[in-house]
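Work through the exercises below with the sequence and the coordinates at hand. Each task is followed by a solution in steps.

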Amino acid sequence: MKGNIQCRSQLYKKMTQSLLCFVVLLVTAHLALSYFPEEWVENCKKENGYAGDIGDLNYTDPSSVPRPAKCYMACFMGKQQVMKPDGSIDFKYARGLYAKVYKDDEKKIQMFHRIVDECAKEYKEYPDKCETAFHYVKCKRLKYAAYKQ
């Protein structure tokens, strides 16, 4: 009986941590996206035939992410100027962008700078912009989730 209560307590703690991490990720994504014109989101979704929410994607299973979602990411990153016209990622610009988006939160700026730097170290080019954008976003999201635990 005691072991069952302990197990439930640990499960509750993990579920609470996961829920908190998810909420923080959603709020952060909302803040970052609200910094940019909503028309960018709508135009990129329309241009790529994507109607979903990238926050709902399973980044640990890349094969489950539809190509239109990946191409939406590339389009949006292009509008942000994080993705260069040649399809490569401008990590220096990305760092500066986080400094602008979170200008009143130095702790968050430093965290995102670390994430961008870590993703830059893991960076490799993929066959096209859509795959490159997806792998960069995947890296950022997984590292963000790890930092928030």
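This is a predicted model: local features need pLDDT of at least 70, side-chain atom pairs count only at pLDDT 80 or more; totals for chains, interfaces and linings use all residues.

**Exercise 1: Three disulfides**

Task: Take the three disulfides in turn.

Solution. 

Step 1. Cys-44 is joined to Cys-75 by a disulfide with an S to S distance of 2.1 Å. The torsion about this S-S bond is about -70 degrees, so the disulfide is left-handed. Cys-44 belongs to helix H2 (residues 38-48) and Cys-75 to helix H3 (residues 67-80), so the bond ties together parts that are 31 residues apart in sequence. Cys-44 has a relative accessible area of 0% and is buried. Cys-75, at 11% relative accessibility, also counts as buried because the cut-off is under 20%.

Step 2. A second disulfide joins Cys-71 to Cys-130, again with S to S 2.1 Å. Its S-S bond has 105 degrees about it, and the link is right-handed. Cys-71 counts as buried at 12% relative accessibility, and Cys-130 is buried with a relative accessible area of 10%.

Step 3. The sulfur atoms of Cys-119 and Cys-139 are 2.1 Å apart and form a disulfide. With a torsion of about -100 degrees about the S-S bond, the disulfide is left-handed. Cys-119 in helix H5 and Cys-139 in helix H6 are 20 residues apart. Cys-119 is buried at a relative accessible area of 3%, and Cys-139 is buried at 11%.

Step 4. With the bonded cysteines numbered in sequence order, the pairing reads 1-3, 2-5, 4-6.

**Exercise 2: Two aromatic pairs**

Task: The structure holds ten aromatic pairs. Classify the pair of Phe-91 and Tyr-123 as stacked, tilted or edge-to-face, then do so for Phe-112 and Tyr-144.

Solution. 

Step 1. Phe-91 and Tyr-123 lie 5.1 Å apart, centre to centre, with 80 degrees between the planes. Planes over 60 degrees apart count as edge-to-face, so this pair is edge-to-face.

Step 2. Phe-91 lies in helix H4 (residues 91-101), and Tyr-123 in the loop between helix H5 (106-122) and helix H6 (129-147), so the pair ties together parts 32 residues apart in sequence. Phe-91 counts as buried at 15% relative accessibility, whereas Tyr-123 at 25% counts as partly exposed.

Step 3. For Phe-112 and Tyr-144 the values are 5.5 Å centre to centre and 10 degrees between the planes, and the pair is stacked. Phe-112 in helix H5 and Tyr-144 in helix H6 are 32 residues apart. Both residues are buried.

Step 4. Trp-40, Tyr-50, Tyr-72 and Phe-76 form one aromatic cluster.

**Exercise 3: The surroundings of Lys-70**

Task: Decide whether Lys-70 is buried or exposed, and name the ring that its charged end sits over.

Solution. 

Step 1. Lys-70 lies in helix H3. At 8% relative accessibility, Lys-70 counts as buried.

Step 2. Leaving out residues up to four places away in sequence, Lys-70 touches Pro-62, Val-65, Cys-130, Glu-131, Ala-133 and Phe-134.

Step 3. The charged end of Lys-70 sits over the ring of Phe-134, 4.9 Å from the ring's centre.

How values were computed
Residues are numbered from 1 along each chain as its sequence is written. Side-chain values use heavy atoms; hydrogens and water are left out. Rings of Phe, Tyr and Trp (its six-membered ring) pair if their centres lie within 6.5 Å; planes under 30 degrees apart count as stacked, over 60 as edge-to-face and the rest as tilted. Helices (H or I, at least four residues) and strands (E, at least two) are DSSP runs, numbered from the N terminus. Buried means under 20% relative accessible area, exposed over 50%, partly exposed in between (1.4 Å probe, protein chains only). A charge sits over a ring if NZ of Lys or CZ of Arg is within 6 Å of the ring centre and within 35 degrees of the ring normal. A disulfide is a pair of cysteine sulfur atoms within 2.5 Å. Contact means heavy atoms within 4.5 Å.
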